[in-house]
Amino acid sequence: AGAGEEYPPAAGGCTIAQEGALPWATLGLPETDAWNRRFTSRVPAGFARIVPAGNNAGFDLATPGDINVFAAAGGATLVQGAPAIVISHGANGLGAFLPTGMQIAASLNADEQENSDADNVFIGAMNAPDFDDLMIWMSLPILKNRMVSANKLP
């Protein structure tokens, strides 16, 4: 019950989970990736708040993102402070959620493990033979710009 639906927001931010299967039904997206596994997503608590009365958004221009993506563990920073990320765990599917809701065991690859351990750090390793995770993230300046353009912020 409720598979694919967004968790309900709370005044201080989502209290159930900030990371898990992408709420595809709420977003009107397909349930699975090309390998028939659910996408993983993460959104910081500051972007999962109830919209206060009289406001158009649950966050404001000062709300920081907290998602960081690195080229490898201890490697170069690819993005810092993103407000959202979506991951496909690739052909091997290690760490992904199945349509049944069960999560596949984590990879032995430390970089792939980082992408399914429910924290705000992710690895976007490219050119690694045992790493096949694919990801896309939202840029904080672009999100805020689009919210201003849509008259939802400030």
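This is a predicted model: local features need pLDDT of at least 70, side-chain atom pairs count only at pLDDT 80 or more; totals for chains, interfaces and linings use all residues.

1. Residues are numbered from 1 along each chain as its sequence is written, and side-chain values use heavy atoms, with hydrogens and water left out.

2. The largest pocket holds about 990 Å³ of space. A pocket here is an open set of points on a 1 Å grid over the protein atoms alone, where a 1.4 Å probe fits and protein lies on both sides within 12 Å along at least five of seven lines; lining residues have an atom within 4 Å of a point. Grid points are joined across faces, edges and corners, and the volume is the space filled by probe spheres set on them. There are 39 lining residues, of which Glu6, Leu22, Pro23, Ser41 and Val43 are the closest to the centre of the pocket. Two or more lining residues come from each of strand S1 (19-21), helix H1 (24-27), strand S2 (40-42), strand S5 (84-88) and strand S7 (134-138), where helices (H or I, at least four residues) and strands (E, at least two) are DSSP runs numbered from the N terminus. By class, the lining divides into 24 nonpolar, 9 polar and 6 charged residues, with Ala, Val, Leu, Ile, Met, Phe, Trp, Tyr, Cys and Pro taken as nonpolar, Asp, Glu, Lys and Arg as charged, and the others, Gly among them, as polar.

3. The second largest pocket has a volume of about 150 Å³. Its lining includes Arg49, Pro52, Phe59, Asp60 and Lys152, and is made up of 5 nonpolar, 4 polar and 3 charged residues.

4. Threonine 40 belongs to strand S2 and, with a relative accessible area of 2%, is buried (buried means under 20%, exposed over 50% and partly exposed in between, for a 1.4 Å probe and protein chains only). Its side chain makes a polar contact with the side chain of histidine 89 at 2.8 Å, a polar contact being a pair of N or O atoms within 3.5 Å, one able to donate a hydrogen and the other to accept it, with residues adjacent in sequence counted only if both atoms are side-chain atoms. Beyond its neighbours within four places in sequence, threonine 40 is in contact (heavy atoms within 4.5 Å) with residues including Glu19, Leu22, Ile85 and Phe97.

5. Glycine 46 sits in the loop between S2 and strand S3 (67-70) and is buried at a relative accessible area of 13%. Glycine 58 is 12 residues away in sequence, with a C-alpha to C-alpha separation of 7.8 Å.

6. Serine 116, in the loop between helix H2 (110-114) and strand S6 (121-123), counts as buried because its relative accessibility is 17%.

7. The count of salt bridges comes to 2, the criterion being a side-chain nitrogen of Lys or Arg within 4 Å of a carboxyl oxygen of Asp or Glu. Glutamate 19 and arginine 42 form one of them (3.4 Å, N to O); the pair links distant parts of the chain, strand S1 and strand S2, 23 residues apart, and both residues are buried. Glutamate 31 and arginine 38 also meet in a salt bridge (2.9 Å, N to O), in which glutamate 31 is partly exposed at 28% relative accessibility, whereas arginine 38 is buried at 8%.
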